[in-house]
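Please look over the sequence and the model first, then read on.

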Amino acid sequence: MLGQDACFVWHKETDLDGADVVILPGGFAYGDYLRTGAIARFSPVMGAVQTFAEGGRAGHRDLQRLPGAARGRPAAGSDAAQHRQYRCQFVHVRVEQTDTPFTGLCTPGTGPQDPDRALARATTTPIRKRWKSSRGNRQVIFRYVSPTGDVTKEANPNGSLPDDIAGICNRGATSSA
Amino acid sequence: MPHPERACESPLGSADGKIVLDSVVHSLIARV
C-alpha cells in the first residue's frame, strides 16, 4: 500500500532483518485488560525491538511511562469510568506537532481522523512530572478533539488523561505511541 | 493511542490515517 517492502516478524525470532521501521501490533482483546504489551515483553524478539528503539536515543520504554501511552484502569471520574468500557470507534484527533517523522506531511491543527482505543490513565504524581517534561519537549503530537477541532469531554470517549493526549513521541521523535 | 494503520483504506471506514504512515516513509526517504 505504501510502495515499500514489508515483512512480518514472528515473535519468537530474535532479529529484525535490518528494518528501517518497526510497527508493533496493538492488542485489544478482552477489553484491554490483558495488558498485551506487558505480556509481549517476554517474547524473544522484544530484545531486538528494544535495541532498535534505543538506537534512536530515548527508548520505547520511555514511551510506556509517558501519559497516554501507559495502560491502566479508567481513571476515577473519567467518562470511561462512567460507562465502564473501553470503546473502539472513529474519533477526531488534532495534529499538534508537524516536525516529527510521523506527522511531517500533516497540516498543523487538522486531522487525521483515527480509530482509537484510548487508554484511560490514573494521574499519579510521577506521571504528572513526566507529562510536564513531555510538554516541554513538544512530545504531544495528537490530541482528541471534536469534529470542529475543540477539546471536549465527549471527544475523548475513553478518558485519556491528562489533557486529552492521543499520541506522543519520544524526545528524539524516533518512536511514537 | 492512535491507530493510523486501521484507517488506511476507505472500504475499512477511513483513509485518514494513511498520512501518518506516508509521513514516516517520506521522512526516511528524505534522510537517504
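## Terms and model

A residue is called buried under 20% relative accessible area and exposed over 50%, and partly exposed in between. The structure described here is a predicted model.

## Chain A as a whole

Chain A contains five helices and four strands. Read from the N terminus on, its elements follow the order α-α-α-α-β-β-α-β-β. Of the 177 residues in chain A, 42% are buried. The chain exposes about 9900 Å², and 52% of this comes from carbon and sulfur atoms.

Among contacts in chain A between residues at least 6 apart in sequence, 71% link residues at least 24 apart.

## Confidence

The mean pLDDT of chain A is 68, with 58% of its residues at 70 or more. Among the elements of this chain, helix α2 (residues 46–54) has the highest mean pLDDT, 84. The lowest, 43, belongs to strand β2 (residues 113–116).

Over residues 57–74 of chain A pLDDT stays under 50, and the model has 65 contacts beyond four places in sequence for them. Over residues 112–130 of chain A pLDDT also stays under 50, and there the model has 84 such contacts. Where pLDDT is low, the predicted coordinates should not be read in detail.

## Strand β3 and its partners

Which strands of chain A pair with β3(A)? Strand β1 (residues 89–95) of chain A is joined to β3(A) by four bridges, and the two run antiparallel. In this pairing A:Arg94 stands opposite A:Arg143. Strand β4 (residues 165–168) of chain A also pairs with β3(A) in the antiparallel sense, over three bridges.

Strand β3 of chain A spans residues 140–145, and six of its six residues are buried.

## Nonpolar cores and the helix of chain B

The largest nonpolar core holds 13 residues, and those touching the most other members are A:Val93, A:Phe102, A:Ile141, A:Phe142, A:Tyr144, A:Ala166 and A:Cys169. At least two residues of this core come from each of β1 of chain A, β3 of chain A and α1 (18–31) of chain B. A second, separate core has five residues, including A:Leu16, A:Val45, A:Met46 and A:Val49.

Helix α1 of chain B has 14 residues. From its first C-alpha to its last, α1(B) reaches 20 Å, close to the 20 Å expected at 1.5 Å a residue. Its buried residues are B:Val20, B:Leu21, B:Ser23, B:Val24, B:Val25 and B:Ser27. What do the buried residues of α1(B) pack against? They pack against β3 of chain A.

## Two single residues

A:Thr152 lies in the loop between β3 and β4 of chain A. Is A:Thr152 buried, exposed or partly exposed? Its relative accessible area is 26%, so A:Thr152 is partly exposed. Leaving aside neighbours within four places in sequence, A:Thr152 is in contact with A:Ser146 and A:Asp164. A:Asp164 is twelve residues away from A:Thr152 along the chain, and their C-alpha atoms are separated by 8.4 Å.

A:Asp17 belongs to the segment before α1 (36–40) of chain A. Although A:Asp17 is not a glycine, its phi is positive, at about 55 degrees. A:Asp17 counts as exposed because its relative accessibility is 59%.

Terms used: Residues are numbered from 1 along each chain as its sequence is written. Chains are lettered from A and ligands numbered from 1 in the order in which they are written. This is a predicted model: local features need pLDDT of at least 70, side-chain atom pairs count only at pLDDT 80 or more; totals for chains, interfaces and linings use all residues. Side-chain values use heavy atoms; hydrogens and water are left out. Buried means under 20% relative accessible area, exposed over 50%, partly exposed in between (1.4 Å probe, protein chains only). Two strands pair if DSSP finds at least two bridges between them. Contact means heavy atoms within 4.5 Å. A nonpolar core is a set of buried Ala, Val, Leu, Ile, Met, Phe, Trp, Tyr and Cys residues joined through side-chain atoms within 4.5 Å. The expected span of a helix is 1.5 Å times one less than its number of residues. pLDDT is the predictor's confidence in each residue, from 0 to 100. Accessible areas come from the Shrake-Rupley method with a 1.4 Å probe; for residues, only the protein chains shown count as cover.
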